[in-house]
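Me: I would like to learn how to read helix packing and sheet order from a model. Can we go through one example together?

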There are 2 protein chains.
Amino acid sequence: MCKTVIFIGAGNLATHLAAEMSAAGFRTMQVYSRTADAARTLAGKLGCGYTTDIRDVLPTADLYVFALKDDVLPDLVRLMKPNGGLWVHTSGSSDMNLFESCNARYGVFYPLQTFSKEKPVNFAKIPVFIEANTATDVRLLETTARMLTRQVICANSQQRRAIHLSAVFAGNFTNHMYAIAAHLLQEQQIPFQVLLPLIRETAAKIETISPDKAQTGPAIRYDKNIIGKHLHLLDQEPELQSIYESVSQDIHRFGQKNNSHE
Amino acid sequence: MCKTVIFIGAGNLATHLAAEMSAAGFRTMQVYSRTADAARTLAGKLGCGYTTDIRDVLPTADLYVFALKDDVLPDLVRLMKPNGGLWVHTSGSSDMNLFESCNARYGVFYPLQTFSKEKPVNFAKIPVFIEANTATDVRLLETTARMLTRQVICANSQQRRAIHLSAVFAGNFTNHMYAIAAHLLQEQQIPFQVLLPLIRETAAKIETISPDKAQTGPAIRYDKNIIGKHLHLLDQEPELQSIYESVSQDIHRFGQKNNSHE
């Protein structure tokens with residue numbers, strides 16, 4: 001059973017996860033961040049010490065959570081001295097094996113959600129994908145994760161990469177569709193708020209209908225008249241025109257694929 | 001004051017709108033559809049007569065709602081005999097002036113929402129954009145719309161076109177991002193449901209933070225390492241690869257635009 005934890009990283013995810021673990025009874029022993037301010041802030045919240053030198057990380061915790069950007073993760077892992085704890089990273093796109101020659105026990109703890117520092121999230125509803133290099137540590141991670149959320153799923157590195165990629169489409173790219181819509185409305189002095197009922201309904205619909213079947217609008221009907229008008233409206237914005245065209249074509253392609261199954 | 005209404009069209013929008021208007025005390029006198037089944041079904045719900053011949057539409061209603069696909073709208077309007085009622089269409093992308101030489105009184109009643117026949121919607125929260133060829137009929141449409149919803153907004157045809165285009169991005173294109181995500185997960189035997197908390201949070205976030213500021217993920221950081229991995233994962237799906245690339249570049253472009261304002 002994990003009781004003590006050390007956070008390597010003090011960003012949005014580390015901050016949210018540390019608060020949840022603390023509330024669930026885990027004790028944070030130390031926080032590492034290369035930025036002293038960030039390390040001090042998080043350590044202050046948790047009532048523990050901090051360090052900005054990876055070689056000074058305490059060797060005695062049960063669990064080490066590497067909540068770092070993917071590009072700094074491998075280097076930092078290599079700089080840390082091996083110990084008896086379980087080392088996990090929180091990255092969707094990094095392989096578990098990056099820990100391989102650095103520590104005996106390792107794994108992944110990947111919560112699928114978008115975290116902003118200011119905005120609280122209900123962690124109990126967030127799916128957490130786990131992986132570890134031994135069956136014992138898979139079970140240990142599962143027990144740990146179950147104290148924080150109801151949805152714990154075992155996934156290997158290949159599956160996790162697909163999950164992360166799908167989350168980029170469903171999260172980041174969806175948000176960009178909102179951003180483009182806001183930009184188009186702003187040009188006509190229409191407040192973005194008029195779109196909120198549509199945005200809510202679009203997100204709510206797919207809780208009961210699969211997105212394939214929920215599609216409406218000019219692209220799925222392949223209404224060349226409206227598509228042509230819309231492309232013309234975007235004449236001054238070639239980037240948006242190109243996104244409009246390729247997404248519309250792809251909606252049509254998905255639609256045909258589905259029909260051919262029926 | 002509008003008291004009686006005739007629906008030209010019996011699709012999803014006509015069905016939802018007719019039910020709302022009926023509940024608000026309007027009386028539907030007749031339903032027209034070229035499909036007898038659709039006309040009969042809707043007329044049956046409303047307790048009125050129906051016709052499949054546009055020349056048999058009764059001339060005595062206060063309001064005529066043309067809830068039709070854009071491409072059949074102008075032809076059908078031309079076939080109908082002029083009368084003393086107010087003719088409105090419900091299309092985001094059609095000009096008000098398509099009624100010009102066909103009737104003396106005309107306008108637009110455009111509710112911004114996605115309608116599925118099976119799924120009820122809360123009409124009171126749907127923004128309705130109105131336009132008419134006289135100030136008197138603008139006021140009449142406003143009074144009519146206020147009996148159905150709290151959000152009534154005057155918009156000219158140019159503004160309405162931008163609103164419809166923005167709704168395609170925020171609604172249809174967002175739904176396609178969900179569909180692509182579902183497809184990617186399916187290939188790895190991961191249920192789509194794991195994405196629902198992320199989808200909910202992404203939609204909820206922009207109620208309080210503008211979509212520009214809410215953006216997270218590899219594209220806004222321009223994390224070439226992850227972007228490269230994701231493009232590689234999509235090697236077998238050139239259409240998705242191209243959408244991934246153009247949306248990521250555009251997220252980066254929007255991010256730089258915002259930074260330069262700060």
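What follows takes the sheets, then the helices, then a single residue.

Reply: Keep in mind that this is a predicted model.

Me: How many bridges join β7(A) to β8(A), and are the strands parallel or antiparallel?

Reply: Strand β7 (residues 128–132) of chain A runs parallel to β8(A), and 3 bridges join them. Within that pairing, Phe129(A) has Ile153(A) in β8(A) as its bridge partner.

Me: Now chain B. Which strands are at the edges of its sheet?

Reply: Chain B has an open sheet of 8 strands in the order β3-β2-β1-β4-β5-β6-β7-β8, with mixed pairing. Its edge strands are β3 (49–51) and β8 (152–154) of chain B, each pairing on one side only. Ignoring direction, neighbouring strands of this sheet are turned by 25° against each other on average.

Me: How many of the residues of strand β2 of chain B are buried?

Reply: Buried here means under 20% relative accessible area. In strand β2 (residues 27–32) of chain B, 5 of the 6 residues are buried, so the strand is largely enclosed by the rest of the structure.

Me: How does β2(B) pair with β1(B) and where do Phe7(B) and Val31(B) come in?

Reply: Strand β1 (residues 4–8) of chain B pairs with β2(B) in the parallel sense over 5 bridges, and Phe7(B) stands opposite Val31(B) in β2(B). The pairing of β2(B) with β3(B) is also in the parallel sense, over 3 bridges. There, Tyr32(B) has Thr51(B) in β3(B) as its bridge partner.

Me: Which helices of chain B lie on this sheet?

Reply: Helix α1 (residues 12–23) of chain B packs on the sheet, touching β1, β4 (63–66) and β6 (106–111) of chain B, and its direction makes about 170° with that of β1(B). Helix α5 (residues 157–187) of chain B lies across β5 (86–89), β6, β7 (128–132) and β8 of chain B, at about 25° to β6(B).

Me: What describes two packed helices?

Reply: The angle between their axes and the distance between the axes describe them. Take α5(A) and α5(B): their axes come within 9 Å and cross at roughly 180°. Angles over 145 degrees count as roughly antiparallel, and α5(A) and α5(B) are therefore roughly antiparallel to each other. By class, their contact has 24 nonpolar, 4 polar and no charged residues.

Me: At what angle do α5(A) and α6(B) pack?

Reply: Helix α5 (residues 157–187) of chain A and helix α6 (residues 196–205) of chain B pack at about 15°, with axes 9 Å apart. These two helices are therefore roughly parallel to each other. Their crossing is right-handed. The contact of α5(A) with α6(B) has 6 nonpolar, 4 polar and no charged residues. Among the residues that meet are Ala167(A) and Tyr178(A) in α5(A), and Leu198(B) and Ala203(B) in α6(B).

Me: And what is the angle between α5(A) and α9(B)?

Reply: The angle of α5(A) with helix α9 (residues 224–233) of chain B is about 105°, and the axes are 11 Å apart. That makes α5(A) roughly perpendicular to α9(B). By class, this contact has 4 nonpolar, 2 polar and 1 charged residues. Arg161(A), His164(A), Leu165(A) and Val168(A) in α5(A) meet Ile226(B), His230(B) and Leu233(B) in α9(B).

Me: Last, one residue. Is Met177(B) buried or exposed?

Reply: Met177(B), which lies in helix α5 of chain B, is buried, with a relative accessible area of 0%. Leaving out residues up to four places away in sequence, Met177(B) touches Phe169(A), Ala170(A), Phe173(A), Thr174(A), Met177(A), Val247(A) and Ile243(B). Ile243(B) is 66 residues from Met177(B) along the chain, and their C-alpha atoms are separated by 9.8 Å.

Conventions: Residues numbered from 1 in each chain as written. Chains lettered and ligands numbered in written order. Predicted model: local features only at pLDDT ≥ 70, side-chain atom pairs only at ≥ 80, totals over all residues. Heavy atoms only, no water. Axes fitted to C-alpha atoms, helices over the stretch in contact; angles between N-to-C directions. Helix = DSSP H or I, 4+ residues; strand = E, 2+ residues; numbered from the N terminus. Parallel < 35°, antiparallel > 145°, perpendicular 65-115°, else oblique. Left-handed = near helix turned anticlockwise from the far one by under 90°. Contact = heavy atoms within 4.5 Å. Nonpolar A, V, L, I, M, F, W, Y, C, P; charged D, E, K, R; others polar. Pairing = 2+ DSSP bridges. Buried < 20%, exposed > 50% of the residue type's maximum accessible area, 1.4 Å probe, protein only.
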